Amino acid sequence: MSGQKSKQGAAAKQAPLISSRQRRRLERRSVLERITSNGTIAAAVMIVAAVAAVACANTELYEPLHEWFARPVVIGIGGWEFSLTFELFVNDFLMAIFFLLVGIELKYEMTVGELRRPRQAMLPMLAAVGGVVVPACIYAVINRGGAIYGWAIPMATDIAFALGVLSLLGSRVPPAIKVFFSTLAIADDLLAILAIALFYGHAPSAIWLLAAAAVTLALAMLNRRRHFGLAPYVTLGLVLWFCLFQSGIHATLAGVILAFTIPARSDINAGGLVGWLEGKLPELDDTFDDEAHILGQHDFTHAVYGVERVMHRVTPPLQRLEHRISTPVNFIILPIFAFVNAQVRLVGVDLGALVVDPVAVGTYLGMLLGKPLGIFGMTFLMVKTGLAQLPEGVQWKHIAGIGILGGIGFTMSILIAGLAFTEIPAELLASKTAILAGSVSAAIIGLIYMGIACRERR
């Protein structure tokens with residue numbers, strides 16, 4: 001009997017693990033994953049959506065689209081109903097998922113990335129501070145006594161867009177530059193999130209804030225009790241979003257809070273995993289019958305199911321969630337956001353007045369001049385005072401190029417503009433026009449400059 005089992009086992013081992021059809025399907029899936037994980041392609045999709053939005057806004061489609069954006073999305077349970085317009089659904093709910101991905105990236109960097117080494121991360125983080133303060137000051141000076149409430153519009157850097165542009169240069173860009181710029185952009189986003197939380201909410205409701213605090217505490221307790229299933233976190237995250245939405249604080253912050261409460265560790269001892277799998281192999285070999293149908297091999301499938309459950313829990317919940325939302329965020333949510341919010345209608349607008357509008361001038365100069373001045377100036381100050389040193393392989397010309405690319409502030413800047421000028425359509429149009437012009441200018445100038453600067457690598 002044991003000899004027959006050995007022959008069956010040997011025959012099973014000689015058989016291919018998967019069929020040729022399944023192999024081709026996996027190969028196609030692998031290609032699709034490489035495409036969806038490419039930052040350049042994701043940035044290109046968002047640009048196409050923005051261009052389509054501008055094109056539609058200047059045709060007869062503008063009015064029907066805006067009527068459709070103003071239609072309410074209604075969610076009802078029994079006699080209870082909750083409604084918000086499609087535009088609010090995109091800007092408050094879908095963007096909370098984007099903020100969840102940003103929060104995951106922040107937590108990743110603080111756990112195993114550059115932000116876990118304070119001394120090494122100090123230079124790009126302080127450079128990000130310079131890249132926030134100087135653009136805001138330029139805007140505030142130009143708009144003193146006017147629409148100063150939009151001071152935070154030019155301070156944000158769009159991570160996906162900016163890194164996508166930088167990746168067009170390929171291997172010519174030294175890895176140290178990419179790391180420096182990634183850390184700077186993440187710190188920049190954190191500062192933009194703080195600005196939204198502190199300055200761009202409505203008068204908060206104490207009751208709903210207490211409810212949000214209670215939900216946050218429940219999320220923290222789940223983490224502390226080492227619960228590694230995603231479902232309770234996502235459910236409480238939805239409740240947290242609703243509480244923040246009702247409180248008056250911008251509801252997208254729920255995504256960041258949720259990200260920081262999801263465990264970044266695995267509940268499986270990775271060090272003992274290989275030994276455990278080796279111990280399971282004899283059981284799988286003994287219970288497998290090559291001549292029986294798989295549905296009838298209950299002992300074998302039960303043992304395999306046990307292995308599947310363990311292997312599924314090896315990947316930390318934070319990483320599992322990132323895998324699930326990164327592609328929808330980059331290829332669905334951000335393009336939808338770009339299409340809805342880049343509706344810049346210039347038909348019948350006095351272009352001369354628009355160009356000299358203080359909001360447009362302050363936003364454009366803040367992005368195109370303030371960003372490079374702030375990033376380069378703060379970096380220069382830190383290095384020359386001996387508080388930090390440039391990473392190996394990074395030169396001053398590279399810092400200047402990073403400063404220019406930092407002026408690409410599409411997603412966050414449009415979001416802040418919508419919060420700042422909700423009730424002032426003329427200023428909202430001026431700010432969005434300047435954001436589009438500033439982001440395109442920064443992308444083109446930065447790409448050309450970095451192409452020249454990285455021509456000769458040290």
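**Close-up views of aromatic pairs and pockets**

**View 1. Phe89 and Phe93 in helix α5.** Phe89 and Phe93 sit 4 residues apart in helix α5 (residues 86-111), so about one helical turn separates them. Helices (H or I, at least four residues) and strands (E, at least two) are DSSP runs, numbered from the N terminus. The model is predicted: local features need pLDDT of at least 70 and side-chain atom pairs count only at pLDDT 80 or more, while totals for chains, interfaces and linings use all residues. Residues are numbered from 1 along each chain as its sequence is written, and side-chain values use heavy atoms, with hydrogens and water left out. Phe89 is partly exposed, with a relative accessible area of 23%, and Phe93 is also partly exposed at 23% (buried means under 20%, exposed over 50%, partly exposed in between; 1.4 Å probe, protein chains only).

**View 2. Phe380 and Trp396, a tilted pair.** The ring centres of Phe380 and Trp396 are 5.5 Å apart, with 55 degrees between the planes. Rings of Phe, Tyr and Trp (its six-membered ring) pair if their centres lie within 6.5 Å; planes under 30 degrees apart are stacked, over 60 edge-to-face and the rest tilted. This pair links distant parts of the chain, 16 residues apart: Phe380 belongs to helix α16 (residues 358-384) and Trp396 to helix α17 (residues 396-405). Phe380 is partly exposed at 39% relative accessible area, and Trp396 is partly exposed at 25%.

**View 3. An aromatic cluster.** Trp68, Phe69, Phe86, Phe89, Phe93, Trp241, Phe245 and Phe339 form one aromatic cluster. The count for the model comes to 18 aromatic pairs. Among them is the stacked pair of Phe89 and Phe93, at 5.4 Å centre to centre and 20 degrees between the planes.

**View 4. The largest pocket.** The largest pocket has a volume of about 1,000 Å³ (a pocket is an open set of points on a 1 Å grid over the protein atoms alone, where a 1.4 Å probe fits, with protein on both sides within 12 Å along at least five of seven lines; lining residues have an atom within 4 Å of a point). A volume is the space filled by probe spheres set on the points, which are joined across faces, edges and corners. Of its 40 lining residues, Leu101, Glu105, Glu322, Ser326 and Asn330 lie nearest the centre. α14 gives the most to this lining, with 8 residues.

**View 5. The second largest pocket.** The second largest pocket has a volume of about 840 Å³. Among its 34 lining residues, Glu87, Asn91, Gly418, Leu419 and Thr422 are the closest to its centre.
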